[in-house]
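Work through the exercises below with the structure open beside you. Try each task before you read its solution.

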Amino acid sequence: MSNALRLRVDARPTAEHPLHLRINSEFPCGEVSALFGPSGAGKTTTLRVLAGLEQTINANVAFAGDTWQSADQWVPAHARNMAYVFQQAALFPHLSVAQNLAFAERRAIAPTNSPATEAMLATLSISELLARRPADLSGGERQRVALARALLRRPRLLLLDEPLSALDDARRQAVMHTIERLCRDDGVTIIYVSHAVDEIARLAKHIVVLSDGQSVQQGGWEALQATTDAHGLLEGGRGSILSGTLGPIDSAWHLQPLQIGDNSLWLPQQSADAGAPMRVRVLAKDVSLALHDHADTSILNRLPARIDAIDSDASPSAALVTLRVETQLLYASITRKSLAQLALTPGQSVFAQIKSVALLA
C-alpha cells in the first residue's frame, strides 16, 4: 500500500559497514513503529538509511508513495519529509538553544501550528534553557532540546534513536503521552529505537526485531514475544499488553483507572487526561490468580478472566497461564504447586490479581 514507509535493504559487509544488513519491512503511516534488538543489531544504521545518511548502502526507501532511494533515484536528507533525533543530541555547539531552535523553525517542512506539536514543546519545558549553549546543558536538557528542534521542522516522519534515555521518569511519561498525540492528532509516522521495553510496549503498534542486521520478526507485541532472540532482551521476562481508556484521576490517592471493557485497572497517576487511550505492559510474574474475588486484600486490581491455556514456563517449578480478560490476552506465571492446589484447568473462570505499583505504564 502507498500509505506506508517501505524499506528494503540487502547491503553486503564493507569496511565502513561490517554488518550484512538484510531488511524487508513496511511500517504503517501515522503510527509508532519500533526497531528492537541487541546492541549492534543494525537499528541505528537502519535509521540512517531511512534518513538519507547512507547513500552507499544498497536500499529501496519509499514513504507514502514517494520514492526516496532506489537503484536510480536518490533524495538527499534535507529534502526528505523527516526529522531525526540522534542518540547524541547533535546540537550546533556555537549556537544558543534559542538559535538552534530558530534554525530548525526556518527550515520547517510544513509551517503549521499543530496543537499536538505545541503540547509536546510545552512538555519539554525549553523556555528556561533558551539563552544557554549546548555545552552548558545536562544530558537530559540536550535531549529535550534535540526533540524540540526536530518537532519544529514539522516533519511527517520522525526518527527517534533512544530519545528518552536521559530524561527523568516524570518527564519521560509526559513525553511518551505527547508522542502518542503526535500520531493520533497529527498523523506523524514515528520510527522508534529504544532498549526500554516499557516504552516500546506502550508506544509501538508495529515492531521489527533485528538480529545481526536481519529482520527476524515483525508485527505486534505477540510477534516480538514469539521471537526466541528477543527473550533475553525483554526486561522482566514474559509480559502482555492491556489496552483501554483512561478515566479521571483519583487525586486523593494519585491513581488513575484504565477502563478495559467493564473493568478498571488502577494505575499510578498518568500525565494523560481522562479519555485518552493507553497501553500498559503487565509482567507475567506480577499476576497472581484466585478462584474468588477477595476484597480483603491490598491488591486493587482483580480482573475476572478465563483460562485459555496452561504451558510450561522458564523454570521447571513454574507454569505459564494464558488468560483472556474481555477480549485481551494476559499472562500469569505461577508455581506448579499453586496450579495443583487450585486445580486450574483451561476454560476455568478465575480472578487475575495485579498490584498497581508493579505496572509499567
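**Exercise 1. Find how strand 3 and strand 10 pair, and over how many bridges.**

Step 1. Locate the two strands: strand 3 covers residues 32–36, and its partner is strand 10. Strands here are DSSP runs of E with at least two residues, helices are runs of H or I with at least four residues, and both are numbered from the N terminus.

Step 2. Check the pairing. Two strands pair if DSSP finds at least two bridges between them. Strand 3 and strand 10 have four bridges and run in the parallel sense.

Step 3. Pick one bridge. Phe-36 has Val-209 in strand 10 as its bridge partner.

A note on the source: this is a predicted model, in which local features need pLDDT of at least 70, side-chain atom pairs count only at pLDDT 80 or more, and totals for chains, interfaces and linings use all residues. Residues are numbered from 1 along each chain as its sequence is written, and side-chain values use heavy atoms, with hydrogens and water left out.

**Exercise 2. Follow strand 10 into strand 11 and describe the turn between them.**

Step 1. Strand 11 spans residues 214–219 and runs antiparallel to strand 10, with five bridges joining the two.

Step 2. Return to Val-209. Its bridge partner in strand 11 is Gln-217.

Step 3. Look at the turn. The two strands form a hairpin with two residues between them. Asp-212 sits in this turn and has a positive phi of about 50°.

**Exercise 3. Is strand 10 buried or exposed?**

Step 1. Buried means under 20% relative accessible area, exposed means over 50%, and partly exposed lies in between (1.4 Å probe, protein chains only).

Step 2. Count along residues 206–211. Six of the six residues are buried, so strand 10 is largely enclosed by the rest of the structure.

Step 3. His-206, Val-208 and Leu-210 are buried on one side. Ile-207, Val-209 and Ser-211 are buried on the other.

**Exercise 4. Name the two partners of strand 1.**

Step 1. Strand 1 (residues 4–11) runs antiparallel to strand 2 (residues 21–28), and eight bridges join them. In that pair, Arg-6 has Glu-26 as its bridge partner.

Step 2. Strand 1 also pairs with strand 4 (residues 59–63), in the antiparallel sense over five bridges. Here Leu-5 is bridged to Phe-63.

**Exercise 5. Work out the strand order of the open sheet of five strands, and find its edges.**

Step 1. The order is 16-20-17-18-19, with antiparallel pairing.

Step 2. Strand 16 (287–290) and strand 19 (328–335) stand at the edges. Each has a single partner strand, so one side of each is left without a neighbour in the sheet.

Step 3. Take the pair at one end. Strand 16 meets strand 20 (residues 349–354) over four antiparallel bridges. Leu-289 stands opposite Ala-352 in strand 20.

**Exercise 6. Describe the surroundings of Arg-80.**

Step 1. Arg-80 lies in the loop between strand 6 (73–74) and strand 7 (82–85).

Step 2. Look for a charged partner. A salt bridge is a side-chain nitrogen of Lys or Arg within 4 Å of a carboxyl oxygen of Asp or Glu. Arg-80 is buried yet has no salt bridge, and the nearest side chain of opposite charge, Glu-54, is 11 Å away.

Step 3. Look at the backbone instead. The Arg-80 side chain reaches the backbone oxygen of Trp-68 at 3.4 Å.

Step 4. Widen the view to contacts (heavy atoms within 4.5 Å). Beyond its neighbours within four places in sequence, Arg-80 touches residues including Val-49, Leu-50, Trp-74 and Ile-109.

**Exercise 7. Which side chain meets Glu-54 in a salt bridge?**

Step 1. Side chains of opposite charge can pair when their charged atoms come close. The partner of Glu-54 is Arg-48, at 2.7 Å from N to O.

Step 2. Compare their accessibility. Glu-54 counts as buried at 6%. Arg-48 is partly exposed at 27%.

Step 3. Arg-181 and Asp-185 form a salt bridge with their closest N and O atoms 3.3 Å apart. These two are four residues apart in helix 5 (residues 169–186), which means about one helical turn.

Methods: Lys, Arg positive; Asp, Glu negative; His and termini not counted. Polar contact = N/O pair within 3.5 Å; in protein donor to acceptor, adjacent residues only side chain to side chain.
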